[in-house]
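Please look over the model first.

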Amino acid sequence: MKDKELRKLIGSRAKQRRLELDLKQPYIAEKMGVTASTIQRYEAGTIDNTKKLVLDGLSEALHVSVEWLKGETDEYETDITDKKELLIRDAMGSIINGLQSDLKNEEADFSKDLLLLMLQEYELFMDSFQYACKNFKGNAENTDLATTIGFDSNQEYNEIMFLREITHSVNAFNDMADIIRLYSKKPEAATQRLANLLSEKSESV
């Protein structure tokens, strides 16, 4: 394949993948440390996009293989399927990079413990949320059960059971909000309450 054709192919595939993820050119530019106009020219194939540094940058930013970008394969394996997953990964990366802060030891420990509790609770939330969505979100198969139990309608039964399934997460996040508010007044008490919640989580695992 001639260089010009290869540049066009790489650019076309890079643009295809970027649009698939609903990303703007400035996002890719920031990831690669270049300008948005450079990304535009990479996609158009008007400047050299065949260099290893450029291909590696596009591959990493778009979560596809260099081989796919170059047309050496028509199938690409990726660990990112949509924009939300990509933004979540970016956010998690920023959080991890920010763990080393200028806070005092006790303040840093509090913030890390709070993050740990949030992540642990999110895992529990997802288990309950998936179960609730599968069994109680618009499920018409619960009609007989709802009538037997005494609900006015199947919809009322589904709504109540859905909320019941995720109530522990609602309560947990409310507890975390209370702890954050308490920290401004009584940091030692807030820290101890947070430690108690983490201890409860570890005992249940």
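**Helix packing and a buried loop residue**

The model is predicted: local features need pLDDT of at least 70 and side-chain atom pairs pLDDT 80 or more, while totals for chains, interfaces and linings use all residues. Residues are numbered from 1 along each chain as its sequence is written, and side-chain values use heavy atoms, without hydrogens and water.

Q: At what angle do α2 and α4 pack?
A: The angle runs from 0 to 180 degrees between N-to-C directions, with axes fitted to C-alpha atoms over the stretch in contact. The two axes are 9 Å apart. The crossing is right-handed, that is, the near helix is turned clockwise from the far one by less than a right angle. The packing angle is about 120°.

Q: Which residues of α4 does α2 meet?
A: Contact means heavy atoms within 4.5 Å. From α2, Ile 28, Lys 31 and Met 32 take part. The residues of this contact divide into 6 nonpolar, 1 polar and 1 charged. On the α4 side they meet Val 54, Gly 57, Leu 58, Ala 61 and Leu 62.

Q: Which residues of α2 are buried?
A: Buried means under 20% relative accessible area (1.4 Å probe, protein chains only). The cover over the buried residues of α2 includes α1 (3–20), α3, α4 and α6 (83–97). The buried residues are Gln 25, Tyr 27, Ile 28, Ala 29 and Met 32.

Q: Are α1 and α4 roughly parallel or roughly antiparallel?
A: Their axes come within 10 Å and cross at roughly 20°. That makes the pair roughly parallel.

Q: How many charged residues are in the contact of α1 with α4?
A: Ile 10, Ala 14, Arg 17 and Arg 18 in α1 meet Leu 55, Leu 58 and Leu 62 in α4. By class, there are 5 nonpolar residues and no polar ones. The charged residues number 2.

Q: What is the relative accessible area of Asn 49?
A: Asn 49 sits in the loop between α3 (36–44) and α4 (52–62). Leaving aside neighbours within four places in sequence, its contacts include Leu 6, Ile 10, Tyr 42 and Leu 55. Asn 49 is buried, and its relative accessible area is 0%.

Q: Which residue has its backbone oxygen 3.0 Å from a polar atom of the side chain of Asn 49?
A: This residue is also among those in contact with Asn 49. The backbone oxygen belongs to Arg 7.

Definitions and conventions:
Helices (H or I, at least four residues) and strands (E, at least two) are DSSP runs, numbered from the N terminus. Buried means under 20% relative accessible area, exposed over 50%, partly exposed in between (1.4 Å probe, protein chains only). A polar contact is a pair of N or O atoms within 3.5 Å; within protein, one must be able to donate a hydrogen and the other to accept it, and residues adjacent in sequence count only if both atoms are side-chain atoms. Ala, Val, Leu, Ile, Met, Phe, Trp, Tyr, Cys and Pro count as nonpolar, Asp, Glu, Lys and Arg as charged, and the others, Gly among them, as polar. Angles under 35 degrees count as roughly parallel, over 145 as roughly antiparallel, 65 to 115 as roughly perpendicular and the rest as oblique.
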